[in-house]
Amino acid sequence: MINLAVIFGGKNVEHEVSIISAVQAMEHLNKDKYNIIPIYISKDEEWYTGECLLNIDSYKDFAKLKNEATKCYIIKDKNKFYLKGKKILNFLKKEIDIVLPIVHGTNVEDGILQGYLQTIGIPYCFSNVCASSIAQDKVIQKMIFDKENILTPNYFYFYDVEYYNDKDTYLRKAKELKYPVIIKPATLGSSVGINIANNEDELQKYIEEAIKYDKKILVEKVISNLKELNISVLGNYESQECSFIDEIINESKFFTYEEKYLSNNKNKTEFKGKNTSTRKIPADISEELKLEVEDTAKRAFKAIGSSGLIRIDFLYDTKSNKLYLNEVNNIPGSLAFYLWEPKGKKYNELLDEIIKIGIKEQRNNSSKQFNFETNILSNFNGSKFKKEQKSK
């Protein structure tokens, strides 16, 4: 049996969304294959574990949850990894074989958590530090896709300090793009802080709102005659598999946070990342466009070095017949299982494959050389070094 630590939560605006995704995944994991060890990162960045974390109702009262759960941390001992309780009198010590981080947003999904896991050497699923960082930053994504000849909407970006120091420049750039434009915090997900501006007054208002959430702001040209398409990719750098493509049927210009997570969502464990009543699977598109979406998705997956599973959102202009890559979602809500089920891949099977890829990636990494057996300090003359420094 595999000792599987599922890490979720974190200090960001997608905290609760991560909890929903993680609890949902833990419910679908095969209990005959995995010993599930939940690890919850609270909004104040404390780590907790305990059986209560498996129940979605426990999160209705965070203060009570913290009292019932156990503060914990991960240690390495003789090439094995353990989860230990923080209190001296707490004898918690659970072995961990691999980590499944089901996290969304800054401070966790963006490479920070992956960097911690990689530093201590524990195997984990999904993309590495570099790919996770790229996938979290909408601007960096675009720069890479531009080099790969993958079409994205026209855009410009700026930092908050640049905007306040030279506002007129960015207002002019928006005018050159031509309204409407869409304003996005560059490193957030779940449509937080995203708005469409139809004129300069709205632009300034929505930039101010976006700056509340992020220091880097992206402004894009809105795609006309829009058909929104999403696809998930599973695999690593060696091979990739695509899910079904879905089409978003929505009266508004884009999915708001409320539409994604609050509407028609009374049963949180059945949450599917977006309101399923406005989703068509498979998408009503031609075979030619289907193949273009799949090919572009695989190219994007490899371009940023993804691993495990991602979701990619596309924008298709039905008049010009141009396909634009909107953004990559490194660890998508509900792990985009709803795109795989119509293909015959059940959620528990999808989770199995993600974990297998994580184990394979760890083995691949272990086969690479990261250090030398020599020690350049063995013949290092420290006193000579100090004298040389003084003489400079």
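Entry 1: I began at Tyr163, which is buried at a relative accessible area of 0%; I take buried as under 20% relative accessible area, exposed as over 50% and partly exposed as in between, with a 1.4 Å probe and protein chains only. The model is predicted, so I hold local features to pLDDT of at least 70 and side-chain atom pairs to pLDDT 80 or more, while totals for chains, interfaces and linings use all residues. Residues are numbered from 1 along each chain as its sequence is written, and side-chain values use heavy atoms, with hydrogens and water left out.

**Entry 2: aromatic pairs.** I searched the whole structure and found 14 aromatic pairs. Rings of Phe, Tyr and Trp (its six-membered ring) pair if their centres lie within 6.5 Å; planes under 30 degrees apart count as stacked, over 60 as edge-to-face and the rest as tilted. Tyr40 and Tyr59 form an edge-to-face pair, at 5.7 Å centre to centre with 75° between the planes. Tyr40 belongs to strand β2 and Tyr59 to the loop between β3 (47-49) and α2 (62-68), so this pair ties together parts that are 19 residues apart in sequence. Phe158 and Tyr163 are a stacked pair, with 5.4 Å between centres and 20° between planes. I noted Phe158 as buried too, at 0% relative accessibility. One aromatic cluster is made up of Phe8, Tyr40, Tyr48, Tyr59 and Phe62.

**Entry 3: strand β1.** I take helices (H or I, at least four residues) and strands (E, at least two) as DSSP runs, numbered from the N terminus. Of the eight residues in β1, seven are buried. I count two strands as paired if DSSP finds at least two bridges between them. β1 pairs with β2 (residues 34-41) in the parallel sense over eight bridges, and Ile7 stands opposite Ile39 in β2. β1 also runs parallel to β7 (residues 98-101), joined by four bridges; here Ala5 stands opposite Val99.

**Entry 4: Asn3.** Which strand holds Asn3? I placed Asn3 in β1 (residues 2-9). Asn3 is buried, with a relative accessible area of 16%. Its side chain makes a polar contact of 3.1 Å with that of Asn35; a polar contact is a pair of N or O atoms within 3.5 Å, where within protein one must be able to donate a hydrogen and the other to accept it, and residues adjacent in sequence count only if both atoms are side-chain atoms.
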